[in-house]
Amino acid sequence: MRYEYFAEGATQQARAKVSRSEYEAIVVGTPRTVRYVQDQPRKVEFRIGKTMKEGRTTRWIALALGLATLAAIWWKGGRAVDAIRARKFGAIERVTVLDVLVHQHKNSTSYQLQWFDKNGDIATSLSSSGRSRYDPYPKHASVEIFRGAKGRAWWIGDVGPRAQHPPVPDAGKS
């Protein structure tokens, strides 16, 4: 819809996108209040309050996306912290390799080392796209894992070897 308005001593022309029902309801020549920026009279708000409403909506969408991102990072980051703690402070166990699992995806393939421990529980390593990483570990080979405080097992190939002298955690006592 095209319209004219008088601002800063001159007649200004502008266009606004409106719905079909709003367009059909407006009678040509009917006066209407618009809001514009004094320094730039071409910047106009045809529906008063639309900019503020869009700003609020954008702010809420940004907040929701930010919270979703934080939750995803928290979930993934928590697992990474668990793995690091298991490497530093967890129990070291020897387990027996069962197999190298192959997962076919649409455009790629990933691999995981599968093992069972002395309790008979079966676990897997983190997935990797490289098969050669698992070549040194045939079936029935013995590998080291770190057992974390929550009972989760982490393969040494995923989290790396433990430092020679791991730091002692601070118990909070002086």
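Pro41 sits in the loop that links strand E3 (35-36) to strand E4 (44-45), where helices (H or I, at least four residues) and strands (E, at least two) are DSSP runs numbered from the N terminus. The structure is a predicted model, in which local features need pLDDT of at least 70 and side-chain atom pairs count only at pLDDT 80 or more, while totals for chains, interfaces and linings use all residues. Residues are numbered from 1 along each chain as its sequence is written, and side-chain values use heavy atoms, with hydrogens and water left out.

With a relative accessibility of 15%, Pro41 counts as buried; here buried means under 20% relative accessible area, exposed over 50%, and partly exposed in between (1.4 Å probe, protein chains only). Leaving aside residues up to four places away in sequence, Pro41 touches Tyr5, Ala7, Glu8, Gln12 and Tyr36, a contact being heavy atoms within 4.5 Å. The C-alpha atom of Pro41 is separated by 9.4 Å from that of Ala10, a residue 31 places away along the chain.

Pro161 lies in the segment after H3 and, at 61% relative accessibility, counts as exposed. Its contacts, again not counting residues up to four places away in sequence, are Arg87 and Ile156. Between the C-alpha atoms of Pro161 and Phe146, 15 residues apart along the chain, the separation is 9.6 Å.

Attention now turns to the strands. Strand E5 (residues 91-104) runs antiparallel to E8, and 6 bridges join the two; strands are taken to pair if DSSP finds at least two bridges between them. E5 also pairs with strand E6 (residues 109-116) in the antiparallel sense, over 8 bridges. These two strands, E5 and E6, form a hairpin with 4 residues between them. Thr96 is a handy landmark for both pairings: it stands opposite Ser142 in E8 and opposite Phe116 in E6.

The largest nonpolar core has 12 residues, namely Val95, Val97, Val100, Tyr111, Leu113, Trp115, Tyr134, Ala141, Val143, Ile145, Ala153 and Trp155. Such a core is a set of buried Ala, Val, Leu, Ile, Met, Phe, Trp, Tyr and Cys residues joined through side-chain atoms within 4.5 Å. Two or more residues of this core come from each of E5, E6, E8 and strand E9 (153-155). A second, separate core has 7 residues, including Ala7, Ala14, Ala16 and Val34.

Side chains of opposite charge can pair when their charged atoms come close. A search of the whole structure finds 7 salt bridges, each being a side-chain nitrogen of Lys or Arg within 4 Å of a carboxyl oxygen of Asp or Glu. In one of them, the side chains of Asp82 and Lys150 meet at 3.5 Å, N to O. Because Asp82 lies in helix H2 and Lys150 in the loop between E8 and E9, this pair ties together parts that are 68 residues apart in sequence. Asp82 is partly exposed, at 23% relative accessible area, whereas Lys150 is exposed, at 71%.

Glu144 forms a salt bridge with Arg94, with 3.4 Å between the closest N and O atoms. Glu144 belongs to strand E8 and Arg94 to strand E5, so the pair ties together parts 50 residues apart in sequence. The relative accessible area of Glu144 is 27%, which makes this residue partly exposed. In a further salt bridge, the closest N and O atoms of Asp158 and Arg133 are 2.9 Å apart. Asp158 lies in helix H3 (residues 156-159) and Arg133 in the loop between E7 and E8, so parts 25 residues apart in sequence are tied together. Arg133 is partly exposed, with a relative accessible area of 30%. Salt bridges that share partners also join Glu93, Asp117 and Arg147 into one network.

His140, in the loop between strand E7 (122-124) and strand E8 (142-147), has a phi near 70°, a positive value in a residue other than glycine. His140 is exposed, with a relative accessible area of 67%.
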